[in-house]
Amino acid sequence: MASTLSWGSACCPRPLRAGGGARNEGPRKPVEAGWVMPVLAQKKARKIRKIILKEDVTELGKKGDLLDVKAGYYRNFLLPTGKARLVTPLLLKEMRIEEERIEAEKQRVKEEAQQLALIFQTVGAFKVKRKGGKGKQIFGTVTAQDLVDIIKAQLNRDVDKRIVSLPEIRETGEYVAELKLHPEVSAIVRLNVYAN
C-alpha cells in the first residue's frame with residue numbers, strides 16, 4: 001500500500017489504494033488528486049526603523065535628524081551607544097512642540113534686535129573724546145570696546161564687542177560703525193571723534 005503526503009487541511013496523510021482512490025470517501029479535492037500548489041518565494045523583508053538622533057553621528061546625520069536606518073544598525077550600534085531613539089507618536093509631538101518653542105524664541109530675539117537697531121538710528125551720533133596730537137591726529141585709536149562702553153553709559157544697553165565692526169580710527173572726524181545684532185538685523189552707528 002503506497003501513501004502520499006498532501007498540503008491540504010488534514011493533519012495526517014491518508015493512505016491511498018493502489019487503484020488511486022481512497023475507500024468510502026466522496027469526491028476528491030484537487031490537492032488529493034495529485035495537483036501541485038506552487039509556493040512562491042517572497043522577497044526578504046528589509047527591516048527599517050524610524051529613529052531620531054540624540055547626538056551627531058558621522059556619515060549618518062546631526063542631532064535631531066529624523067532618519068530611517070536598518071534594524072540591525074539601530075539594535076547593535078545606535079541603541080547601545082545611546083545615540084538614537086525610536087520614533088513614537090508621542091516623541092513626534094514633543095519634537096513639534098519643541099520646534100515651535102524654538103521658532104518663537106528666535107522670532108522674539110529678532111524683534112528685540114530690530115528694536116535695538118531702531119534705538120541706535122534715533123540716537124544720532126555718539127561723541128568720543130580723545131587727547132589730540134598734531135592737526136587731526138589723536139593719541140591712540142578708538143576701539144570696539146570704547147564704543148561698547150559709550151553705548152553702556154548713554155543707553156544703558158549691554159552690547160558684545162565682537163558684533164561691532166569699526167574702521168581704524170586714528171584722527172578726529174565722523175565715522176560709521178556697524179553692529180551685527182542678529183544674523184538678519186544690522187544697526188548703523190555714527191561716531192563723532194574730537195580732540196579735547
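View 1. S165 has E178 of β8 as its bridge partner. The open sheet holds 4 strands in the order β4-β9-β8-β6, with mixed pairing. At its edges stand β4 (125-130) and β6 (164-165), each with a single partner strand, so one side of each has no neighbour in the sheet. Strands (E, at least two residues) and helices (H or I, at least four) are DSSP runs numbered from the N terminus.

**View 2. Helix α3 packs on the sheet.** Helix α3 (residues 144-155) touches β4, β6, β8 and β9 (185-195), and its direction makes about 120 degrees with that of β4. Contact means heavy atoms within 4.5 Å; axes are lines fitted to C-alpha atoms, for helices over the stretch in contact, with angles from 0 to 180 degrees between N-to-C directions. The 12 residues of α3 reach 16 Å from first C-alpha to last, close to the expected 16 Å, a span defined as 1.5 Å times one less than the number of residues. Buried residues of α3 are A144, D146, L147, V148, I150 and I151, where buried means under 20% relative accessible area, exposed over 50% and partly exposed in between (1.4 Å probe, protein chains only). Their cover includes α2 (89-123), β4, β5 (137-142), β6, β8 and β9. Just after α3, N156 adopts a positive phi of about 55 degrees.

**View 3. Aromatic pairs are shown with their ring geometry.** Rings of Phe, Tyr and Trp (its six-membered ring) pair if their centres lie within 6.5 Å; planes under 30 degrees apart are stacked, over 60 edge-to-face, and the rest tilted. The count by this rule is 2 aromatic pairs. Y73 and F77 are stacked, because their ring centres are 5.5 Å apart and their planes at 25 degrees. Both lie in helix α1 (residues 71-81), 4 residues apart, about one turn of the helix. Y73 is partly exposed at 35% relative accessibility, as is F77 at 31%. F120 and F126 form an edge-to-face pair, 6.5 Å centre to centre with 70 degrees between the planes; both residues are buried.

**View 4. K131 lies over the face of F139.** The distance from K131 to the ring centre of F139 is 5.7 Å. A charge sits over a ring if NZ of Lys or CZ of Arg is within 6 Å of the ring centre and within 35 degrees of the ring normal.

**Notes.** Residues are numbered from 1 along each chain as its sequence is written, and side-chain values use heavy atoms, without hydrogens and water. In this predicted model, local features need pLDDT of at least 70 and side-chain atom pairs count only at pLDDT 80 or more, whereas totals for chains, interfaces and linings use all residues.

Definitions and conventions
Pairing = 2+ DSSP bridges.
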